[in-house]
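Morning, everyone. I have one structure to walk through today, and I will keep it brisk.

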Amino acid sequence: MQFKNYILIGLFILVSQSLVAQVGTLSGAVTEKDGTNPLIGANVYFHGTTIGAATNSDGIIRFET
């Protein structure tokens, strides 16, 4: 019975770790207010964090985890 509990606890830990380690990408374009010209080198960041990046020569920003 005790061995069965250890297996269940181990499976729970493995499943919970895979849920926490999610991978994703966030991307978008930064343009002028009228939406016509891309903003090159614009700094984009998440407020309250140290996560940020600058747009490329096409105004595209991309965050990957």
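I will start with the whole chain, then go to a few residues and pairs.

First, the ground rules. This is a predicted model, where local features need pLDDT of at least 70, side-chain atom pairs count only at pLDDT 80 or more, and totals for chains, interfaces and linings use all residues. Residues are numbered from 1 along each chain as its sequence is written, and side-chain values use heavy atoms, with hydrogens and water left out.

Now the overall picture. The protein chain has 1 helix and 4 strands. From the N terminus, the order is α-β-β-β-β. Helices (H or I, at least four residues) and strands (E, at least two) are DSSP runs, numbered from the N terminus. The chain holds 65 residues, and 8% of them are buried. Here, buried means under 20% relative accessible area, exposed means over 50%, and partly exposed is in between, with a 1.4 Å probe and protein chains only. The chain exposes about 5,600 Å², and carbon and sulfur atoms supply 62% of that. Accessible areas come from the Shrake-Rupley method with a 1.4 Å probe; for residues, only the protein chains shown count as cover. On contacts (heavy atoms within 4.5 Å): among those between residues at least 6 apart in sequence, 34% join residues at least 24 apart.

Next, Thr55. Where does Thr55 sit? In the loop between β3 (52-54) and β4 (60-64). Thr55 has a relative accessible area of 6%, so it counts as buried. Its side chain has two polar partners to look at. A polar contact is a pair of N or O atoms within 3.5 Å; within protein, one must be able to donate a hydrogen and the other to accept it, and residues adjacent in sequence count only if both atoms are side-chain atoms. The backbone oxygen of Leu39 is 2.6 Å from a polar atom of the Thr55 side chain. The backbone nitrogen of Gly41 is 2.9 Å from a polar atom of that side chain. Leaving out residues up to four places away in sequence, Thr55 touches Val30, Leu39, Ile40, Gly41, Ala42, Val44, Ile60 and Ile61.

Ala42 is on that list. Ala42 lies in the loop between β1 and β2. Beyond four places in sequence, Ala42 contacts Val30, Ala53, Ala54 and Thr55.

One step on is Asn43, in strand β2. Asn43 is exposed, because its relative accessible area is 66%. Asn43 touches Ala53 and Ala54, again not counting residues up to four places away.

Now β4. Strand β1 (residues 25-29) pairs with β4 in the antiparallel sense, over 5 bridges. Two strands pair if DSSP finds at least two bridges between them. Ala29 stands opposite Ile60 in β4. What lies on each face of β4? Ile61 and Phe63 form the covered face, while Ile60, Arg62 and Glu64 form the uncovered one.

A salt bridge is a side-chain nitrogen of Lys or Arg within 4 Å of a carboxyl oxygen of Asp or Glu. By this rule, the count is 1. Glu64 bridges to Arg62, with the closest N and O atoms 2.9 Å apart. Glu64 is exposed at 56% relative accessibility, and Arg62 is exposed at 53%.

Last, the surface. Leu26, Phe46 and Ile51 form a nonpolar patch, with about 270 Å² of accessible area together. Patches take residues with over 30% relative accessible area and no salt bridge: like charges are joined within 9 Å, and nonpolar side chains (Val, Leu, Ile, Met, Phe, Trp, Tyr) within 5 Å. Ile51 lies in the loop between β2 (43-45) and β3. Ile51 is partly exposed, at 45% relative accessible area.
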